[in-house]
Structures are given as C-alpha cells and as structure tokens.
Amino acid sequence: MNAAPFTKAAPERGAVQVMAAVGMVVAVIASALAIDIGRLAQERRNNQKVADMAALDTVRALVAGDDLTLAAGASAQRNGFPWATAGYDVTAQPGTVVDGAFVPGPLAGATAVEVTVSSPFRNYFAEGSRTVSAKARSALAGPLGSVAVGSTLAGVSGTVGATEVRVLNRFLSRVVAPGTVSVDAVGWKGIADASVTFERLRTALGLSAGTVDGVLDAQLTYRQLLDATVSALQADGTATSLAAATPLAQIASQVSAAVGATFTVRDLFSVVGTIGDGQDVANATLRVLDIVRGGAVVADGDHFVSFDLTSSDVGAIPGFNFARVKLGLIEGPQAKSGPPGTDTGGGYLTTASTSQLRALVEVHLRIVLSGLGLTDVRVPFLIEAGTARAHLHAMACTSPSPPARVDIRAETDAATARLGAVGDAALSNPSTPPTPVPTRVVDVAGLVTVDTNSVVTATAPGNPGTTLSYFPPYEAGSPSQRVSATALALPSLAVSNLTVNVLLLGLNGNLIALDVSNGTNAATPGVMAEVFAPLARALGITYAGADVWAPPPQRCTSGLVSPNPATSGYTVPALIG
C-alpha cells in the first residue's frame, strides 16, 4: 500500500505582528516602571545628600546652643530642599555615641545628632504616592589624647637591676618560651627604653590597608606580635629602636609560633570614642616592654606561673634561703587613646588601667632556733596588688596644634599583703577571691610543727585621685609622673601568732621552747625590698601607686571651641552613619 503524499501546511501569516504588539505593551510598562524607580532612587540620593550636609551643620548647633531643628532646616534650605513646604519635613534628634552607634538622648550633654529628611514622591505612571526619607548622624570629633599607666623597669637610675632581669627571664621561660630566656641587663634596658608607633606595628602585621578597628581586633599569636614588633623597630632604624630589636628577636626566636592563646592588639592598646580613625592615631606609641610582658600575660592560657628566686638572685637577706614565687596574672597593662572628659553619666571617656596581680611569695629562711639549731622556716605572703587607673581628664586646646596642657586623673585601689597560704587555683582565677588560711611555718621531721593560728593582714590604702599635668613635647620617651600612696609593708610573724603543736622533749627532760619571731621579723623588710619590689617593677605591677604617662598622640583639631570645660577644645563634626 502506498503512503499518502506529504502535503505542505499553509503559512500562518500575522503571528509575528501579534507577538510584537504584546512585546511593545510590556516594554512600555517596563519603561514606565524604570522611570518611576529611577526617579525614586534619585530622590533618595538627593535626600541623603541633604541629610548628610544638615547633620554636619546641625551638630555645630550643639556647641553654639542653637535650636537643632531650625539649624537642620536652614541647612536643608541652603541646599535646595524646601523644608517649609507642605509634605517636606526635617527633624533633628540629639544624642550621644556609644561604641560607634548613635543613641538618642537629652539635649544636655549631647555630642551627636540624627537628622531625618522627608519629601513627598508621586509616581508618573504607577498608581499611588509615598514619602521618601533619609537619615544621617554626625558627632563632634574633639581633641584626641592618649594615656598610659604602669611601672617602669628602667627606673630613675636608668639601669635594670639583676633581680628584675632574672624575674623577666624566668617569667617568660615559664609562660610562653619553651627554652630558657636569658636576655642580659643591657638587652632588657634596650627593650625598656624603646617604643613603636601604631602605624609601624600595623604595617609590620600586614594590616596597613585595614581600619583602626580591624587592626585592633585582628587575632594574632604572641610570636606574631613579637616578630612584628622586631620588624617595626628595624623599620624605624633609630639607635634606640635597634638596641631593642636585637634582644627582642632573641626572645622571639625561643617562642613557638603556636604557643599560648590568641589575642588582639586591643588587649594592650585601644582607641575609644568616635575619633581615632586613620592618621590621627598613626603616631600612637606602645612601649616595647609592655608589648613583651603584656602580650605574655594575655597569651598565657592558665594565668599562672611559678619559679624560684635564690640568694644569688635577690642579694644578701639575713637568713634567706630561697623564695618560691607563684603568680596569678589577671590582666595586662593598657594604653588608650580617645577624647578627654566625661560622658553624661559622669564616667571618663578614655581610661587606661594597670595589670592586676596575685602573688604568693613563699620565703624560706634558715634560722637558728633555740634547741633546734639551724631550721627551715617557711613564711608565705599573699600579695594582692590593686589596680591603678589613669583617666584622660582634660586638654587645653587653643589652636589646632598639640595641646598646651594635658591633665590626667590617676587613682589606685588598695593593696594587701597577708600572712597565709592559698592554693594555686585561687591565684589564677580572677573571679574567685583568694582566702588565705593559717599555715605551717616550721616542720622538723614531723616531730616539731609550728602553725600560725590566724591570718595577719597589712593594707596599703589606695589613692582616691590625683590630677597630674603634662606639657609639650609629648614624646614616646617623655618622663612619667608617680602617684604615691602608702607603702605596702609585709605583716610580721610574731610569737603571739604561733601555736606549738608538738614540743620536742629535750635530752635533759625539759621542753624546748620555740621562738622564731626574731629571725623572721628581721627578714621581713628585706623580703619586701629585695623580693617583691623588683618582682613588681619587672612585671609592670603597681601596688597602691602608679606611674603615669601622656604619650603620643596628643593633638587638637580644627573647628569650633566647646564650652564644656571637661571636653574643652577644638571640635569638628564627623559623619558616623
């Protein structure tokens, strides 16, 4: 059977015209929507520009005392925004800046404003209308100052003592270095005298393209910080920097790349307030010694270290055998840069604090006791060094240049020394107050034991606040000022504090009386001067006192003078969002 012949279908004429007509309708609608959307985007951009300019202008009204809304409206009017016309609106809200964010608040004490600009918008093609709004926030960026607090290792004599050298070497050896750190006095003196700028350290860390906050919050290891500091010192190239770079490289070579916990530069140095971005903190300085010991503290995972000091370390102390030092390291020293003065709540805007310390110094004395001959007497002193704080109080700014004077308010907490023992956990846990207990001071083969029957405490009162004034030039090597407080004395071990638990029967049948008070009391002043004092100096610890600096940057900025005495200085507005 033959297949049916193939027949060609007739052409469907006019189909393209129908599709083209539909496409033209869609294109017209899309074009209309695009025009409306484009006009809407342009309106928003224009309003944002007006809001930005109005925020920058209005924040000046905080200084001049003008009405904020009128100031914002006048600024908008100058920039072609008809704010007095129906449907158009400009509002201004005073407030402050907390952690970089605008917080609405009362006009009194306000340092920032939020301006909202609104305008009517009607579509050309689509149905309906709407209100287009834009917001801008601006804050007063006032003078930028810096404050640092802590003990200085070099001291007024310009030398580093033998005990301080041994303390630092053993401290680093126990905390972060797997070997034995053995930097000599000359090397530690070089480290103590040197500083690095924030900009050079940022470059050495490979973070030169980052923001200030990005650099401060970047995670790094102790070895990375040491290597970067060495590079920064070498890049500086001055004699002082090079004298510190060599011994610091020696320390870094003994630190494993992964040792210790990771931390941030902000743990040692921080910038606070709405200022502090870019070049204004480029010359902020960090003391190399604080980088070494402060970095070791924050990198130390268990916040605990123990080592012995012998008579060859501390010098001649009557009856001294050795001292076992156990340290609970709570926090490292800090330096901060930011605005001077206080916020609306009375709290200081820029504050630096020293490290805190809990130390159990267990002194072993070899003393001749009646009837027992040469006997080992163990006397544990628990020492809690109080925190010292330095507040950037005020800056005398009369022109856009370094301030004529920087005032820093320094205060310290009380420090205590107690005769008593505590466990290692009480030293390393900052959330648990150490509770010393009576302790055994003499143990002769278990036959003769002498315990203290109470915990004796000596307290050095803190300094409630002293205002220190600093004058130009503000340089990294500028001298510190000391806030003095009552000296911390160790409690004495007297006969009244002892109970003889077991008496040894003498060969003649008489009881042997134990008297350890004479030898122990004679040794107490030497322990404080020769053991704990250099220990505190080496680690940057202050007890009921503080050494305070006004390092760079200290600068005033151009703009308007603030009438607030606590924040007096040249102020410039800056957009914050």
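Gly540 is buried, at 2% relative accessible area (buried means under 20%, exposed over 50%, partly exposed in between, with a 1.4 Å probe and protein chains only). This is a predicted model, where local features need pLDDT of at least 70 and side-chain atom pairs count only at pLDDT 80 or more, while totals for chains, interfaces and linings use all residues. Residues are numbered from 1 along each chain as its sequence is written, and side-chain values use heavy atoms, leaving out hydrogens and water.

So where does Gly540 sit? You'll find Gly540 in the loop between helix H12 (517–539) and strand E24 (546–549). Helices (H or I, at least four residues) and strands (E, at least two) are DSSP runs, numbered from the N terminus. Pro333 is 207 residues away from Gly540 in sequence, yet their C-alphas are 7.4 Å apart.

Now look at Ser173, which lies in helix H3 (residues 162–175). Ser173 counts as buried too, at 10% relative accessibility. A polar atom of its side chain lies 2.8 Å from the backbone nitrogen of Val181.

Here are the contacts of both residues, contact meaning heavy atoms within 4.5 Å. Neighbours up to four places away in sequence are left out for Gly540 and for Ser173.

| Residue | Relative accessibility | In contact with |
|---|---|---|
| Gly540 | 2% | Gly150, Ser151, Arg293, Ser355 |
| Ser173 | 10% | Gly179, Thr180, Val181 |

Back to E24: this strand belongs to an open sheet of five strands, ordered E7-E11-E5-E24-E22, with mixed pairing. Strands E7 (269–271) and E22 (481–483) are at the edges with a single partner strand each, so one side of each has no neighbour in the sheet. Two strands pair if DSSP finds at least two bridges between them. E7 and E11 (residues 335–338) run parallel, joined by three bridges, and Val271 has Ser337 in E11 as its bridge partner.

Note on methods
A polar contact is a pair of N or O atoms within 3.5 Å; within protein, one must be able to donate a hydrogen and the other to accept it, and residues adjacent in sequence count only if both atoms are side-chain atoms.
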